[in-house]
Amino acid sequence: MYQTFSDNLSRFLELALVQNVLTVLEKTYVIWLPIIAFLIFWHFFTVYTRTKFIANLKHVLLEIKVPKDVFKSPLAMELFLNGLHQTGGEATWYDRQVLGKVRAWFSLEIASFGGELHFFIWTREALRTVVETQLYSQYPGIEIHEAPDYAKKLSYSPRTHSLWGCDFVFTKPDPYPIKTYTDFGLDKDPKEEYKVDPITPQLEFLGALKPDNQIWIQFVVRAHKKEPGEKDDPLDKLSKKEIKAIVDKALIKKEDEEKTAASQKLSKVQQEVITAIERHMAKHNFDVGIRVIYVAPKESFVGTNIPGLIGTFKQYGSANMNGFKPSAWMTNFNYPWQDYKEIRQNKTRAEVLDAYRRRSFFWPPYNFNKHIHLSTEELATMYHFPGQVSGTPSFNRIMSKKSEAPANLPI
């Protein structure tokens, strides 16, 4: 009986509270309703201005042709990437909210057309000169040409073609770095016969495709920076948190419960991980979205190329550091009964192809997948022009690099 009375009293009080809240809202709607309406309007206004700004941007796709005698280490690419670390263009709230400006983003791409390899860089037309001069400064013998967009040239239909695509994310928390070219000794510029370049297995795989198969790999990148309103950089905070977790794990309590110095208890592996995280944070970092697409006519689509493509990212990972795993898009379909007659899959195929063509990752309409962070050193490891250690015959190189005419030629 007491329990029944208590329950009824609780219901009465809850009802009275709701009625009081409704009464207050009714009497004060002239205050809160305009505020909510303004916030909704402001949200859609900023989406509109940003969409308009992005739609009015002009972009170009540049193809880079590499000479046969390029012996540069990935350090040259890292220096080039420092020049792409563009944080300007959205400095004030007026730029961001009213004008809809966003900082520049780029797409670094490797494409295989039937085993024929090509390197591309997609950029704003206004930044084309910056990209070209930075590239020429590190690779004097290369040739750079504006190319038609191969992704838009593809005539794709689910009736005639099969398509698979995914994004790649980290296997560990963001601050853990991947294996970089310094871990492979490429920072010391060894002789070609002694080089172990982690990009080589990927290029060899891409070079072995059947004539009518295509694989595209893109790294959509923008300079990482602390967002407006943030007191501290979340990436920096997370890095310090992970280092602290490693140190705390190494602490060992003595019998009197006094902790020994962590520096004396860190294993060699733990010390290497901490050093790698600190080196990672000491360099410029990029927000990065990694997306791949494999497309071929239905009759020549090779299903085993999918795990083969995923496997080409394995050499950048290790048990102690970070690694990559596929995510989103076609990875969402694991069982036949998830999709009747592939209706959802065909819709997803069209969307991932459209996302690739737009180079969309940080802004609508395809900003729903989480991006990762790579330092210039890590990004240069995954995207650089290989030396002769890569013997892929289908990698189109210039026969020789061009040199300027002697200055003392007679006029």
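The chain has a mean pLDDT of 85, and 85% of its residues reach 70 or more. Residues 253-257 fall below 50, and beyond near neighbours in sequence this stretch has three contacts in the model. Where pLDDT is low, the predicted coordinates should not be read in detail.

Strand 2 pairs with strand 6, residues 214-223, through nine bridges, and the two run antiparallel.

E116 belongs to strand 3. Its relative accessibility is 35%, which lies between the 20% and 50% limits, so E116 counts as partly exposed. The C-alpha atom of E116 is 9.1 Å from that of Q214, although 98 residues separate the two along the chain.

Rolling a probe the size of a water molecule over the atoms shows where empty space is left. The largest pocket holds about 490 Å³ of space. It is lined by 24 residues, of which I54, H59, W105, W122 and R358 are the closest to its centre. The elements that contribute two or more residues to this lining are helix 2 (29-55), strand 1 (59-67), strand 4 (143-147) and helix 12 (343-358). Helix 2 gives the largest share, with five residues. By class, the lining of the largest pocket consists of 14 nonpolar, three polar and seven charged residues.

The second largest pocket has a volume of about 280 Å³. Its lining comprises 20 residues, and those closest to the centre are R103, R222, K225, E227 and E230. Helix 4 (93-98) and helix 8 (234-250) each provide at least two residues of this lining. The second largest pocket is lined by 11 charged, five nonpolar and four polar residues.

The remaining points concern the backbone. Most residues other than glycine have a negative phi, and most peptide bonds are trans. A328 is not a glycine, yet its phi is positive, at about 65 degrees. This residue sits in the loop between strand 8 (324-327) and helix 12. The relative accessible area of A328 is 12%, under the 20% limit, so A328 is buried.

W329 lies in the loop between strand 8 and helix 12. Its phi is near 55 degrees, again a positive value in a residue other than glycine. With a relative accessibility of 4%, W329 also counts as buried.

Which two residues are joined by a cis peptide bond? They are P364 and P365, and omega of this bond is about 15 degrees. P365 is located in the loop between helix 12 and strand 9 (372-375).

Key: Residues are numbered from 1 along each chain as its sequence is written. This is a predicted model: local features need pLDDT of at least 70, side-chain atom pairs count only at pLDDT 80 or more; totals for chains, interfaces and linings use all residues. Side-chain values use heavy atoms; hydrogens and water are left out. Two strands pair if DSSP finds at least two bridges between them. Helices (H or I, at least four residues) and strands (E, at least two) are DSSP runs, numbered from the N terminus. On a 1 Å grid over the protein atoms alone, a cavity is a set of points where a 1.4 Å probe fits but cannot get out, and a pocket is an open set with protein on both sides within 12 Å along at least five of seven lines; lining residues have an atom within 4 Å of a point. Grid points are joined across faces, edges and corners, and a volume is the space filled by probe spheres set on the points. Ala, Val, Leu, Ile, Met, Phe, Trp, Tyr, Cys and Pro count as nonpolar, Asp, Glu, Lys and Arg as charged, and the others, Gly among them, as polar. pLDDT is the predictor's confidence in each residue, from 0 to 100. Contact means heavy atoms within 4.5 Å. Buried means under 20% relative accessible area, exposed over 50%, partly exposed in between (1.4 Å probe, protein chains only).
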